[in-house]
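Me: I'd like to learn how to read a metal site and a helix pair in a model like this one. Could you walk me through it?

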Amino acid sequence: MTRLSRRETLTIVAGGAAMGALPRLMSAAKGPHFPKGAIIRTIQKDLRPEELASGVTLFHEHLSIDLRPRNAPPPKQPAPTSDVNLIVEEVKAAQRDGIVCIVDGGHPDMGRNLDNLKQIAERTGIHIVASGGYYMERNYPPEIASKNEDQIAEELAQEAKANRYGAFGEIGENPNAPMSETEQKVFRAVGKAHLRTNLPIFTHNAYGTGPNVPREAGLHQLDVFEAVGVKPQRVVIGHTCCLDDPEADIIKQIAKRGAWVGFDRMNTVEQFVPDEKRVKMLVKFLDAGYVNQLLLSSDFTGARTAEGPLYGRTKTVFAPKLMQAGVKEETIHTILYDNPRRFLAFVPKKV
Ligand SMILES: [Zn+2]
Ligand SMILES: [Zn+2]
């Protein structure tokens, strides 16, 4: 085995560019390091991060969601996830594909039903991480307007404790406009709720869903969190796979600042950026040395298609495309098995 100098070793551990050249040495190590006392909080129990090492964790899916703007009339068809039996079957299919844990990215203003999540976890044995927060201004409950950011933060921290949330997310903003003042207030509040609880944060960006979404939107989200003291290492900037960015410029900037990059709309609906382009973007991102800051998921909302179950497709469809493009198996393993656990693991604070 090649002897490494201390400096080279440090470069590898830090996820530097040398890593791509030495994947075997990396995989020979014991696996990711977690802070002392760190846990992953599912709706049923607290797990040691090592307990999820054998399977894939999807950090942004929806197992219960009924998303519509506040005051909008009920749709003619109920949301697909309202059929718990259907979702149980979909989750079982994902388990057969090697998925062991799913983070549900919804919260009350997205029509998330916690009892449904508990039922799905009980009936399938999958680990489910529930999440908290607010989605975007058009979905906020009316009382958000009259509360200040500290009140919102304190209430979110208490809600997280009462409901065993394991993350805050997805936290988003309206499409086709800069982040509104109220949204800034909510982002700051979520940042402060993170400081109270230590729960990790993941965001929603409107990339691909409108003509006027600024390319820098994700960087701006990071600015707002950092302004209240959140470390970028605890934040995933989401939906960056829907930004047509052939040079991977924005995601490299996000990662350079220390945050996670969420390539998290890996469903088969390729209406934003086709997989071929996404794969090229990711190869550039990985070649720049950022394997330890990438998270993949599909943001699937339960709608059954002719292609059948979709929750597992990040692993079964997208990951093979990365391998075909030359990404090594060890690297894929790091991204699917290790990175989500590193993102979710946190040392709880007393609230
Ligand atoms: Zn989203
Ligand atoms: Zn989502």
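Reply: Happy to! Keep in mind that this is a predicted model. Let's begin with one residue: His-204 has a relative accessible area of 4%, so it counts as buried, the cut-off being under 20%.

Me: Is Glu-170 buried or exposed?

Reply: Glu-170 is buried, because its relative accessible area is 2%, again under 20%.

Me: Which residues coordinate the zinc ion (ligand 1)?

Reply: For a metal site, look for the donor atoms around the ion. Here Glu-170 (OE), His-204 (ND1) and His-239 (NE2) coordinate the zinc ion (ligand 1), at 2.0 to 2.1 Å. Along the sequence, the spacing of these donors reads E-x33-H-x34-H.

Me: Where do Glu-170 and His-204 sit in the chain?

Reply: Glu-170 belongs to strand 6 (residues 165-171), while His-204 is in the loop between strand 7 (201-203) and helix 7 (217-227). They are 34 residues apart, so the pair links distant parts of the chain.

Me: What does Glu-170 bridge?

Reply: Glu-170 bridges two metals: the zinc ion (ligand 1) and the zinc ion (ligand 2), 3.6 Å apart.

Me: Now the helices. At what angle do helix 10 and helix 11 cross?

Reply: Start with the axes, then the handedness, then the side chains. The axes of helix 10 (residues 313-324) and helix 11 (residues 329-344) come within 10 Å and cross at roughly 145 degrees. The crossing is right-handed.

Me: Which residues of helix 10 and helix 11 meet?

Reply: From helix 10, Thr-314, Lys-315, Ala-319, Leu-322 and Met-323 meet Glu-329, Ile-332, Leu-336 and Tyr-337 of helix 11. By class, this contact has six nonpolar, one polar and two charged residues.

Technical notes. Residues are numbered from 1 along each chain as its sequence is written. Chains are lettered from A and ligands numbered from 1 in the order in which they are written. This is a predicted model: local features need pLDDT of at least 70, side-chain atom pairs count only at pLDDT 80 or more; totals for chains, interfaces and linings use all residues. Side-chain values use heavy atoms; hydrogens and water are left out. Axes are lines fitted to C-alpha atoms, for helices over the stretch in contact, and angles run from 0 to 180 degrees between N-to-C directions. Helices (H or I, at least four residues) and strands (E, at least two) are DSSP runs, numbered from the N terminus. A crossing is left-handed if the near helix is turned anticlockwise from the far one by less than a right angle, and right-handed if clockwise. Contact means heavy atoms within 4.5 Å. Ala, Val, Leu, Ile, Met, Phe, Trp, Tyr, Cys and Pro count as nonpolar, Asp, Glu, Lys and Arg as charged, and the others, Gly among them, as polar. Donors are N, O and S atoms within 2.8 Å of the metal (3.2 Å for Na, K and Ca); water is not among the atoms, so sites may look incomplete. Buried means under 20% relative accessible area, exposed over 50%, partly exposed in between (1.4 Å probe, protein chains only).
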